[in-house]
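Here is a short briefing to read alongside the model. Please keep the structure open as you go through the points.

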Amino acid sequence: MKDKSSALHCSFAVAAVFLGLYSSFAASTDKLPAYKADLSQTSVSGLSSGAFMAAQFQTAFSASLVGAGVVAGGPFYCSGSAYPVPPSVLVATTACMNPSLSAYGPPNPTLLIQLAKAFERTGAIDKLENLKTQRVYLFSGQADKTVATAVVDQAAAFYQLAGVPAASIKYIQNVDAGHAIITSNTKDVVCADTQAPYINGCNFIQSQDILKHIYGDLQPAVAVLSGKIVAFDQSEFIKSSYTSMSRDAYLYVPKACETESCKVHVAFHGCEQGATKIGNLFYGTTGYNELADANKIMVLYPQAEASSGWFFTPLNPKGCWDFWGYSDPTNPLAPNFYSKTAPQMSAVKAMLERLGQAKN
């Protein structure tokens with residue numbers, strides 16, 4: 001009995017130490033500051049699940065955005081394209097990634113426009129007509145075997161059906177790239193390969209290509225950053241245990257944005273690209289910050305992470321953004337992951353609203 005009591009006491013002591021260390025660590029990350037940002041010039045981009053998230057966020061909050069970059073991703077509500085089958089991880093990983101494995105084929109943009117109009121009528125998303133004034137960047141690598149070009153093609157068709165002018169859509173398909181966001185860094189993964197951390201050197205900087213297309217004429221990227229990376233606790237914006245979002249997220253703040261009102265770009269990493277998996281490689285080395293620095297653009301890097309499905313967490317083993325419904329376990333037949341009130345979507349929108357507030 002004494003041994004059991006001692007063991008129990010030891011366990012509590014270890015737990016107390018662990019919790020103390022965790023609390024100390026948790027307290028070390030600051031709250032997201034307010035910067036009085038110009039939210040009328042907000043845009044988004046992403047790779048893979050982050051690309052689906054970018055298209056999703058852009059459409060849901062179309063009244064607040066000016067453009068999106070979709071790298072190896074599909075159209076809004078892609079996993080609902082097998083209607084009336086409910087959105088699911090099966091549809092997401094077949095019709096929205098490799099349609100040759102799907103009984104439903106690639107996503108149907110005509111159907112998705114119809115469904116989006118229905119969501120619009122209920123107020124779940126903003127009016128689709130807002131997309132007509134936005135700019136869209138699309139990319140499909142010729143060597144990408146993860147998300148087929150046929151899927152990105154349907155994203156292009158969705159935007160066209162939504163009324164985005166052809167001149168406002170830039171669609172690149174002529175680069176022999178694997179499934180990755182592209183850089184000009186020769187130390188990154190070989191261009192045509194698909195392997196972690198899914199950042200490939202292909203002789204151009206894709207993040208900067210995206211920003212230039214969305215915002216038009218920009219000053220050249222800086223060689224030396226003037227600003228800083230701000231790590232902040234994004235958990236204050238998370239209202240559900242099913243978001244599969246990390247505690248920490250990141251914001252790049254150019255020096256000029258400390259005193260001036262700046263634009264904001266949101267960059268969504270892909271699966272297995274969160275900072276808990278690859279450190280600062282996505283938010284620090286993909287080129288967004290260098291061009292943003294020269295053009296008074298803050299870059300917000302929200303973070304998703306892997307979750308096992310145990311202890312009231314969603315099943316998201318690769319740390320993907322939700323484009324099929326894992327963040328809404330209460331309604332598996334009609335999950336709300338695509339809507340303005342969805343856990344991930346509303347969390348990121350709340351971060352933007354904080355950035356737009358006046359400084360204290």
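Asn-203 sits in the loop between β7 and α6 (206–215); helices (H or I, at least four residues) and strands (E, at least two) are DSSP runs, numbered from the N terminus. The model is predicted, so local features need pLDDT of at least 70 and side-chain atom pairs count only at pLDDT 80 or more, while totals for chains, interfaces and linings use all residues. Residues are numbered from 1 along each chain as its sequence is written, and side-chain values use heavy atoms, leaving out hydrogens and water.

**Positive phi outside glycine**
- Asn-203 is not a glycine, yet its phi is positive, about 70 degrees.
- With a relative accessible area of 71%, Asn-203 is exposed (exposed means over 50%, buried under 20%, partly exposed in between; 1.4 Å probe, protein chains only).
- Tyr-77, also not a glycine, has a positive phi of about 60 degrees, and at 10% relative accessibility Tyr-77 counts as buried.
- Tyr-77 lies in the loop between β2 and α3.

**Cis peptide bonds**
- Ala-196 and Pro-197 are joined by a cis peptide bond with omega about 5 degrees; Pro-197 is in the loop between β6 (189–190) and β7 (199–201).

**The sheet**
- An open sheet of 8 strands runs in the order β4-β3-β2-β1-β10-β11-β9-β8, with mixed pairing (two strands pair if DSSP finds at least two bridges between them).
- β4 (169–172) and β8 (228–233) are at the edges with a single partner strand each, so one side of each lacks a neighbour in the sheet.
- Strands β9 (residues 248–253) and β11 (residues 297–301) pair in the antiparallel sense over 3 bridges, and Tyr-252 stands opposite Val-299 in β11.
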